[in-house]
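Here are a few notes to go with your first look at this one. Have a browse through the structure, then read on.

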Amino acid sequence: MNIYTVLFFLQIPNQHNAGAGSHQPAVFRMAVLDTDLDHILPSSVLPPFWAKLVVGLVAIVCFARSYDGDFVFDDSEAIVNNKDLQAETPLGDLWHHDFWGSRLSSNTSHKSYRPLTVLTFRINYYLSGGFHPMGFHVVNILLHSGISVLMVDVFSVLFGGLQYTSKGRRLHLAPRSSLLAALLFAVHPVHTECVAGVVGRADLLCALFFLLSFLGYCKAFRESNKEGAHSSTFWVLLSIFLGAVAMLCKEQGITVLGLNAVFDILVIGKFNVLEIVQKVLHKDKSLENLGMLRNRGLLFRMTLLTSGGAGMLYVRWRIMGTGPPAFTEVDNPASFADSMLVRAINYNYYYSLNAWLLLCPWWLCFDWSMGCIPLIKSVSDWRVIALAALWFCLIGLICQALCSEDSHKRRILTLGLGFLVIPFLPASNLFFRVGFVVAERVLYLPSVGYCVLLTFGFGALSKHTKKKKLIAAVVLGILFINMLRCVVRSGEWRSEEQLFRSALSVCPLNAKVHYNIGKNLADKGNQTAAIRYYREAVRLNPKYVHAMNNLGNILKERNELQEAEELLSLAVQIQPDFAAAWMNLGIVQNSLKRFEAAEQSYRTAIKHRRKYPDCYYNLGRLYADLNRHVDALNAWRNATVLKPEHSLAWNNMIILLDNTGNLAQAEAVGREALELIPNDHSLMFSLANVLGKSQKYKESEALFLKAIKANPNAASYHGNLAVLYHRWGHLDLAKKHYEISLQLDPTASGTKENYGLLRRKLELMQKKDV
């Protein structure tokens, strides 16, 4: 604490004429600037330990409500359905698969290469003993808390600069500014998607290693002054390595190399853009003698950063291949516009929406695609005002950052803009098409720059106004409102139903929102309500084939076959390679007794998805209905080869062989199936029936009893076991299980008839005994 007291009252002569090697004026100026916030933050929380403790706890409080939430939205595909998390998948496969578990070489892969993030999911899965979401959520909350704590050090560099004691310890010259900025970062509601959505861990891990890379690069300058060039090179190389780790968590991580370069050139090298521009315009010959151009250390570091970035991109290109990810128009409609002007206007409008989410994170949505943001097709659209306002503010900030006579103001604004813009570049559509319109998760790192600019703005405002209490009230109000918004938004991310319904008020024109609500309702068995939302999704987006497919499925189950066929036929016309829709169309056609059309639909589905066990299963059912028994058995066998745990296919094979009198073959298939799926009670039941007919009563009884133990309320299990006892001569046991079966299902006519036969037999036996 003494160092701050000394610095606040330190008087330095010749401030404006100090040389480049004198750091004392910077100490004085930055300390005075930091005191402009002394009416907001009390000195009792300024020591680094207490500041970090406060920030960490506040970050946990904001998002603690999501700790016991479910897996929601993209979590299902990235975690629950991702085989890369399970022990059966070799660890080496993580380096050849994308974030969703698909092979990078696949045409359907999104090319999102994040093996280290998937590895943390796998560790979570192992430690939790399965897909228990609490462990996954707790890790995310702790990661955000840790990153927020790390932000105190990052902001102290951005606001206070790099200055060290004689022992090589960095001076923390802006305790209030760094604490306020870290609090603003910790409580920003736009971070909810990254923290409360488990998939957001990619952004959290990327941010963690991004910041460590930046701080590591900063250390290069401490060590170079103390121990020579070798230590400086070590820290630069370590920074590049941490940048590579960040990129393996999420692609955005590579941008830290660009930020480090900007920091080195403009802050460490004190490169004055305004001065250079003036010399170029006046053709000043002294330009050739610029210190930066003669600074071999700077040129060497730039070479290392450039080589490191090129190496990362080359390795990534070799792993993922040259093919771009396959995005559709509904993912990013602006990128498919024919006019370059329309694309440019809409891209810039998207930037303004991202800026608005940072400024006013009240309207948040899990998905901003599919009509949520209608395209701007003309400059007469009033929304053009938003992008004009954005560029007016950005140009003003850039001019201040590059042209201000105050070197400290230049540094803070430059680094603030650097953190705001550089990490956002991969999501900007400038270099390649991205698969979204607006995504709150990509603002996690850019929000660092926003917090820098906002904190600097509060400091500047406090300096030029006497109403300091009003400024303090505004700052504290923003922190409190953002905390409250984080708590509310975290609650909305606890379940899919809450998350999807919260989006209706923000994006009522988003077809995907209605689709997801419908899917959630259908999963819960509320088909009537699900139909309403699916119909609305199709109305909003008449080419929404997934909504058509799901709606067609529900209508098929409700026996509304004609409309189901129309919807599914339209879906495959719009997307001819939609295998699931072809299969469902085949099921509907089979129900309508249009067998040839159904077979053709199944075959088309398999053509587009060769490994499609469910389609082979349904094709087998079609052949069984047509009494093409050999074809049916072959189709079901294909299903079990592709998916050995396909219980329905195994069962149908056993039953068909049983019904056609091939008991030995049915028994062999049943035993093979139980070896692969030993706990499937339906397979036990089917095989028990076969063994009973083969008079292997003891083994059949054991399987029946095991099946009943697994599913005690199945009336048919008790009824068939009673038949076995009846044949076997254990009449009392037969009577017992007939009665249990009839209690469970009084309408079973076959069981009633067999029970009647048994009772008459028992009565005759009693008469003979008499």
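Is the crossing of α29 and α31 left-handed or right-handed? Left-handed, going by the coordinates. Keep in mind that this is a predicted model.

1. Start with that helix pair. Helix α29 covers residues 647-659 and helix α31 residues 681-693; their axes sit 9 Å apart, at an angle of about 15°. Angles under 35 degrees count as roughly parallel, so α29 is roughly parallel to α31.

2. Now for who touches whom. On the α29 side you'll find S647, W650, N651, I654, I655 and D658, and they meet S682, L683, S686, N689, V690 and K693 of α31. Sorted by class, this contact has 5 nonpolar, 5 polar and 2 charged residues.

3. On to the rings. The whole structure has 26 aromatic pairs. One of them is F685 with Y717, stacked at 4.6 Å centre to centre with 25° between the planes. F685 belongs to α31 and Y717 to helix α33 (residues 715-728), so this pair ties together parts 32 residues apart in sequence. Both partners are buried: F685 has a relative accessible area of 14%, and Y717 comes in at 6%.

4. Y725 is buried at 2% relative accessible area, whereas W728 is partly exposed at 25%.

5. Elsewhere, look for an aromatic cluster formed by F210, F214, Y217, F221, F263 and F419.

Terms used. Residues numbered from 1 in each chain as written. Predicted model: local features only at pLDDT ≥ 70, side-chain atom pairs only at ≥ 80, totals over all residues. Heavy atoms only, no water. Axes fitted to C-alpha atoms, helices over the stretch in contact; angles between N-to-C directions. Helix = DSSP H or I, 4+ residues; strand = E, 2+ residues; numbered from the N terminus. Parallel < 35°, antiparallel > 145°, perpendicular 65-115°, else oblique. Left-handed = near helix turned anticlockwise from the far one by under 90°. Contact = heavy atoms within 4.5 Å. Nonpolar A, V, L, I, M, F, W, Y, C, P; charged D, E, K, R; others polar. Phe/Tyr/Trp six-rings, centres within 6.5 Å; stacked < 30°, edge-to-face > 60°. Buried < 20%, exposed > 50% of the residue type's maximum accessible area, 1.4 Å probe, protein only.
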